[in-house]
Amino acid sequence: MAAVKVFGPAMSTNVARVLLCLEEVGAEYEVVDIDFQAMEHKSPEHLKRNPFGQIPAFQDGDLLLFESRAIGKYILRKYKTSKVDLLREGNLREAAMVDVWTEVEAHQYNPAISPIVYECLINPAMRGIPTNQKVVDESVEKVKKVLEVYEARLSQSTYLAGDFVSFADLNHFPYTFYFMATPYASLFDSYPHVKAWWERLMARPSIKKLAAAMAPQKA
C-alpha cells in the first residue's frame, strides 16, 4: 500500500495535527514540503489539492483532502483498530463527548491561545513584526477563562471526553506546544488538572516525536 502524502512543513500547527493522527495509528506517510517564499502554496498544482491555497493538503491515492481536523478524522476512521480508536464512534455517548470537546478546541481554546503564539513567536521571528502586547494581554484573559472550564472538566475525567485519550485531546497539541515556548507558559501552573493533562499528552510517543520535529532548529 502506497504511503499517504501530507503537504506542508511539520512545524506548521495544522500540518502537525495531521501528522500526529498518522503517528497515533502507525500509518506510513510522506511529508511533502511546500515552499512559501516561492509562493508554492498558491501554485495551480497546490490549488488542486487545497483550493484556498493553504496547508495542509492530504493525498491518499486519488483522494485529495484539506482542512486538518477533517483529514485527522479520515485518518482515524481509516486506520481504526481495537487498540487505536480515537473517535469512539462505536459508542454514541463517548463519540458525542469527543465531538463536543473537538468543537470546544476549535471555537473556544484555539481562538484564545493562538494569538499569543502569533504575537510572541510567529510574528517576531518569521515576519519581523513586533509583539502587540495589547492583543497578548486580552488573549491571556480569554485563555484564563477557557482554562477555568477545562480545569473543572479535567477534575472529573482523565481526558476531555472521558477517561480515555481521544481526537479531542490530540487537537490541542500543536498550539499548546508553541504556547509553552512563550513567556506565558506558567499560566498552566494555576490549573493543576490541566497541567497534569498536558503532561500526560506530552508523554505519548507520538507527541514526543512530533515535538522534536516542531522544535526550532539551532544553528
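Among contacts in the protein chain between residues at least 6 apart in sequence, what percentage join residues at least 24 apart? The share is 64%. The legends below describe a predicted model.

**View 1. Helices and strands of the protein chain.** The protein chain contains nine helices and four strands. Their order along the sequence is β-α-β-α-β-β-α-α-α-α-α-α-α. With a radius of gyration of 17 Å, close to the 17 Å that the globule rule gives for 219 residues, the protein chain is as compact as a globular protein of that length. The C-alpha trace spans about 50 × 45 × 30 Å along its principal axes.

View 2. Of the 219 residues, 47% count as buried. The accessible surface of the protein chain amounts to about 11400 Å², and carbon and sulfur atoms account for 54% of that surface.

**View 3. The buried residues of helix α3.** Helix α3 covers residues 68–78. Its buried residues are Ser 68, Ile 71, Gly 72, Ile 75 and Leu 76. These residues lie on the same side of α3, because they cover an arc of only 130° around the axis.

How values were computed. Residues are numbered from 1 along each chain as its sequence is written. This is a predicted model: local features need pLDDT of at least 70, side-chain atom pairs count only at pLDDT 80 or more; totals for chains, interfaces and linings use all residues. Side-chain values use heavy atoms; hydrogens and water are left out. Helices (H or I, at least four residues) and strands (E, at least two) are DSSP runs, numbered from the N terminus. The radius of gyration is taken over C-alpha atoms; the globule rule is 2.2 Å times the number of residues to the power 0.38. Buried means under 20% relative accessible area, exposed over 50%, partly exposed in between (1.4 Å probe, protein chains only). Contact means heavy atoms within 4.5 Å. Accessible areas come from the Shrake-Rupley method with a 1.4 Å probe; for residues, only the protein chains shown count as cover. The arc is that of the directions from the helix axis to the C-beta atoms.
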